[in-house]
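Good morning, and thank you for making time for this presentation. I shall go through the ligand site, the nonpolar cores and a few individual residues.

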Amino acid sequence: MSEVESEADEVAESEPDEAEVAEAGRDEIWIEKYRPGTLDEVAGHDDITARLKRYVERDDLPNLLFSGPAGVGKTTSAVAIAKQLYGDDWEQNFLELNASDQRGIDVVRDRIKNFARSSFGGHSYRIIFLDEADSLTSDAQSALRRTMEQFSSNTRFILSCNYSSKIIDPIQSRCATFRFGPIGDEAIAEQTRKIAAEEGIETTEDGVDALVYAADGDMRKAINALQAAAVMGEVVDEEAVFTITSTARPEEIEQMVTHAIEGDFTKARKVLDDLLTNKGMAGGDIIDQLHRSVWEFDLDDEAIVRLMDRVGEVDYRITEGANESVQLEALLASLSLEDE
Ligand SMILES: Nc1ncnc2c1ncn2[C@@H]1O[C@H](COP(=O)(O)OP(=O)(O)OP(=O)(O)O)[C@@H](O)[C@H]1O
């Protein structure tokens with residue numbers, strides 16, 4: 001194994017988590033240090049923040065439902081609303097709960113009731129932020145709906161979830177829904193450049209592009225990757241970012257698919273093996289990258305259709321627990337056979 005490979009192997013074994021990032025010599029986790037404090041600072045969701053600001057200005061907040069993928073600013077926006085409404089008192093008037101609390105929904109309900117019964121600082125309502133609301137069963141959601149009604153005079157709920165379709169209709173109809181999409185590339189690039197400048201970290205242009213690519217719309221992922229890469233070396237470049245995030249370069253994915261489509265299964269399998277073994281990538285992530293990149297490859301329409309068909313099938317099988325490398329090899333094998 002070459003030096004570069006063994007180095008890649010070492011760092012790719014596990015993606016650094018937030019605690020490791022903090023331990024690695026930095027005082028603070030950057031996602032917290034640079035969490036926007038106001039709605040104006042929330043990047044990439046101008047329409048949403050403009051509407052939320054109007055509620056705050058009128059001090060007239062309805063119940064809210066925030067839906068969208070991880071790391072795009074749902075919690076951040078809820079906290080910003082509380083900060084803008086309550087100023088220094090915001091922590092006394094804002095309760096953050098996780099609906100998937102290990103101790104069960106009864107504990108969550110009790111905490112909601114205790115918080116909603118009390119009042120603080122003469123405000124007419126307090127805010128309860130319930131994260132992962134879509135992890136509640138329909139029965140638990142029905143109970144939550146009754147609690148929302150019971151305390152509607154002095155409490156506003158902000159529910160956060162990945163999929164609003166998993167929230168029962170009676171709750172949806174009691175909330176104003178905001179769909180937070182993945183954050184745009186430009187907003188992620190701008191935020192990571194800003195943080196790097198404040199931290200005195202040098203980034204190359206291809207390093208920022210790699211952060212944007214690896215983050216795939218998730219600002220938390222981009223900032224964590226920047227911090228982890230900054231711990232690794234002087235300059236945050238493409239190499240550092242792809243290594244630290246266990247992300248394949250788009251060229252590697254293209255190479256793998258092209259070999260397979262040209263009928264050279266052995267070469268295609270070698271690239272796959274390198275991604276799984278040396279770069280420590282998960283099969284599901286390779287499928288995600290394949291899915292994202294297909295349109296950028298120089299393939300004819302028929303090849304794209306065939307590939308997408310296989311990607312859908314393999315994605316489903318991996319999600320259901322099938323062996324990742326068997327599935328990916330089978331995908332490459334079927335592409336290789338098609339050409340004959
Ligand atoms: N729109 C954004 N603008 C600026 N920073 C952001 C934005 N979204 C996320 N971040 C950064 O990522 C961190 C995590 O974001 P946040 O907790 O708001 O994500 P979330 O959408 O609530 O995700 P989850 O569903 O996983 O809880 C923030 O502390 C902040 O540093």
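**The ligand shell and its surroundings**

By class, the shell around the ligand holds 10 nonpolar, eight polar and five charged residues. In this classification Ala, Val, Leu, Ile, Met, Phe, Trp, Tyr, Cys and Pro are nonpolar, Asp, Glu, Lys and Arg are charged, and the others, Gly among them, are polar.

Please note that this is a predicted model: local features need pLDDT of at least 70, side-chain atom pairs count only at pLDDT 80 or more, and totals for chains, interfaces and linings use all residues. Residues are numbered from 1 along each chain as its sequence is written.

The ligand is surrounded by 23 residues, of which the closest are R35, A70, G73, T75 and T76. At least two shell residues come from each of α3 (30-33), α5 (74-86) and α11 (219-232). Helices (H or I, at least four residues) and strands (E, at least two) are DSSP runs, numbered from the N terminus.

The domain bounds come from an automatic or database domain assignment.

For "binding site", an unreviewed UniProt entry lists G68, P69, A70, G71, V72, G73, K74 and T75. UniProt positions are given in the numbering used here, feature names are shortened, and annotations may be inferred rather than shown by experiment.

Let us take two of these positions. P69 lies in the loop between β1 (64-67) and α5, and A70 is found in the loop between β1 and α5. P69 is partly exposed, with 15 other C-beta atoms within 10 Å, while A70 is exposed, with 12. Here, buried means 20 or more other C-beta atoms within 10 Å of a residue's own, exposed means 12 or fewer, and partly exposed is in between, with C-beta atoms placed from the backbone. Leaving aside neighbours within four places in sequence, P69 is in contact with N162, P182, G217 and D218, and A70 with D218 and R220. Contact requires C-beta atoms, placed from the backbone, within 7 Å.

I turn now to the cores. The largest nonpolar core has 63 residues, and those with the most contacts inside it are L159, L211, A222, A225, L226, A229 and V241. Its largest share, eight residues, comes from α11, and domain 1 and domain 2 each contribute at least three residues. A nonpolar core is a set of buried Ala, Val, Leu, Ile, Met, Phe, Trp, Tyr and Cys residues joined through C-beta atoms within 7 Å.

Not counting residues up to four places away in sequence, A225 touches L211, A214, A215, V241, I244 and T245. A second, separate core of 20 residues includes V257, A260, I261 and L332.

A210, in helix α10 (residues 205-215), counts as buried, with 28 C-beta neighbours inside 10 Å. Beyond four places in sequence, A210 is in contact with E238, V241 and F242.

Finally, the backbone. D216, in the loop between α10 and α11, has a positive phi of about 50° although it is not a glycine. D59, in the loop between α4 (46-58) and β1, has phi near 50°, a positive value in a residue other than glycine.

Key
A residue is near a molecule or strand if its C-beta atom, placed from the backbone, lies within 6 Å of it. Two residues are in contact if their C-beta atoms, placed from the backbone, lie within 7 Å.
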